[in-house]
There are 2 protein chains.
Amino acid sequence: MAQPPDRPSPPARPPVAKLSDVARLAGVSLATASKALNGRSQVRAETRARVIEAAERLAFHPNPLARGLPAGRTGTVGLLTGDLEGRFSIPILMGAEDAFGVGRVAVFLCDARGDALREQHHVQALLGRRVDGLIVVGSRTDPRPSLGPDLPVPVVYAYAPSLDPADLSIVPDSVGAGRLAVAHLLACGRSRVAHVSGDPGYAAARERADGAAAALADAGLPPVGEVLFGSWSEGWGRAAAGMLLDRHPALDAIVCGSDQIARGVVETARERGRRVPEDVAVLGFDNWEILTQGSRPPLTSVDLNLEQVGRTAAQALFAAIEGQPRSGVETVPSRLVIRESTAPLS
Amino acid sequence: MAQPPDRPSPPARPPVAKLSDVARLAGVSLATASKALNGRSQVRAETRARVIEAAERLAFHPNPLARGLPAGRTGTVGLLTGDLEGRFSIPILMGAEDAFGVGRVAVFLCDARGDALREQHHVQALLGRRVDGLIVVGSRTDPRPSLGPDLPVPVVYAYAPSLDPADLSIVPDSVGAGRLAVAHLLACGRSRVAHVSGDPGYAAARERADGAAAALADAGLPPVGEVLFGSWSEGWGRAAAGMLLDRHPALDAIVCGSDQIARGVVETARERGRRVPEDVAVLGFDNWEILTQGSRPPLTSVDLNLEQVGRTAAQALFAAIEGQPRSGVETVPSRLVIRESTAPLS
DNA sequence: CTCTCTTCCGAAAGCGCTTTCGGGCGCAAG
DNA sequence: CTTGCGCCCGAAAGCGCTTTCGGAAGAGAG
């Protein structure tokens, strides 16, 4: 539709082997060649071997377009992200690549940039390209509107769950991540644990806080003050740390809602003469290397296992394409990466 | 080839309109419908209108697979990246998306993870999918081996240039970026400018340093000490800043090879009682928001215009596909983003 | 030796679309 | 009223592959 009326023909390129070449070389018909290469059970082993050898000699690669035509399949999936920076999309993409297996399927990556209209447009473009399925990645863990139940292909939501429980969503376990953080601090012998988090409008902030609170409660320990919600920035981490250290000088650990916040907290603690981790243990979430490594000391952080989220989403999508759809919200556990900002009380 | 022997058929899905439906509804033949929709000049305007209306009523989207079969075109391009974190790929991807125009072409994204073997594999997979062209994105600006001259489709290298001058490469102007940085500091009235950079194994480090040195020389100013090469880390920035302030207490500006280094430098300067920017102006490269914003004060940084690199690469690829290939290395100018870590001497 | 089954292979029919090519029609010129 | 010429349109031939279906060849039973 969008082709120029009379475009010049592309420059001459070396021709590629096609199935008919393979068949001729192997001395069989097209049909037999196709069956042999696709592992259909109607060819003698010896014939199959001959065909395969011919294919290899010609460096034959089947044209997936032509292959998909009769089957209605294309061997491609669409990855629709709303995440500008690729902070979450990239690990998920890599996980998906792993799960599908290199070369088996190809991934179309589209960035909707958080714009619903653009998203709709991309969905149409992807469907037009006859993708076999769609993975939708959000930029935050808050539930998002479903693309709708009547798409012609299966959809899996990753990171941000769909509001529609009939859809399948794969998300990190934020509550569990919060529990994990506190459990580690308790294991380090800390007992006076405060919590500085980010924007309370984010489900991730609230759920991590819930998990942390629950773990403290399980241990019979009171939290140190309320959870301080603010923004996902170092500046907020610095400010909040100042307040905390003034009000609760006896605290011995601070859970931070993100690595950014943790950096600010660590910095302020050090400037106030508190040693990290000896006096105060600090940890963050996300395990964003650029932040955790640059910090003094390097930050312990809860890794949300985004690659695993991607891998699971890809596997689920694959299953759905094969006719085994699931639905509901499935969570992927988090993982603690211990660095120097936490350590046992000596 | 890699299909399971006898897979189950996918679940029933709503059928989509095909060209024959449109033709029937419009009361014309397939051929006419096709020509009408593709703007061929062999249909009466009135007939064309009728066909288009029928297509819209049926929400007809041509099947790009079938469309590409005769033409040998697929309307897809491959984006092959070696950049784990997507630090450079994502902006380039977005630029490419912009340049192609949403929906006109789709982008296959593959991550080779810096592995030549995996790269080769992905190239094969992409060629197998009959992409119309390839954009290869490197993870650093050092020249990289060419994919070879005899690929069946045009290739454009972005960020990392190809070693083969017959290829087309679109890269940021590292030398110009270095000049830009120093020019800004000079405009701020600084005259004793030191330079802390990253790993000297990186062309980006050397070229930025060259540009900076050239700009100083143009102004008739001597550099303050040698360029301190090290690594791309905050820790190195802190260490280097300590050395610099000891040896050259009179310096009034420090150019840093990256935002990470700049953060370390700023931190150490502040701890040593030097005010930034009043006593010492500091700037970095890359304009990585997460780093520039969290710093105290926020960092001035040279933005390499990666989106523009991507857009240019995409346009060049498009031209090559249309039969207008270019070759050689083309640079994209950088852009200064001024924040609080630099300011005129009062 | 004939008949029935298997096993293996090939002819042919699509999949949805584009494009070539030839023919019908209407018009102006002869 | 005939030619000739253009303008539109449709029939049909692919593009490269998969799949159905029927037939040929060989094996075993009667």
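Select DNA strand D and the 26 residues around it (C-beta atom, placed from the backbone, within 6 Å of the strand); Leu19(A), Ala31(A), Ser34(A), Ala31(B) and Leu69(B) come nearest. This is a predicted model, in which local features need pLDDT of at least 70, side-chain atom pairs count only at pLDDT 80 or more, and totals for chains, interfaces and linings use all residues. Residues are numbered from 1 along each chain as its sequence is written, while chains are lettered from A and ligands numbered from 1 in the order in which they are written.

Colour that surface by residue type: 14 are nonpolar, eight polar and four charged. Here Ala, Val, Leu, Ile, Met, Phe, Trp, Tyr, Cys and Pro count as nonpolar, Asp, Glu, Lys and Arg as charged, and the others, Gly among them, as polar. α4(A) gives the largest share, five residues.

Next, select residues 17-71 of chain A, which an unreviewed UniProt entry annotates as "domain: HTH lacI-type"; such annotations may be inferred rather than shown by experiment. This stretch is 67% helix and 0% strand (DSSP runs; helices H or I, at least four residues; strands E, at least two), and its end C-alpha atoms are 21 Å apart.

Move to Val282(A). Contacts (C-beta atoms, placed from the backbone, within 7 Å) beyond four places in sequence include Ile254(A), Cys256(A), Leu299(A) and Ser341(A).

Finish at α12(B), residues 306-321, which reaches 22 Å from first C-alpha to last. Of its 16 residues, 14 are buried (20 or more other C-beta atoms, placed from the backbone, within 10 Å of their own), so the helix is largely enclosed by the rest of the structure. Gly323(B) follows α12(B), with a positive phi near 100 degrees.

Key:
The expected span of a helix is 1.5 Å times one less than its number of residues. A residue is buried if 20 or more other C-beta atoms lie within 10 Å of its own, exposed if 12 or fewer, and partly exposed in between; C-beta atoms are placed from the backbone. Two residues are in contact if their C-beta atoms, placed from the backbone, lie within 7 Å.
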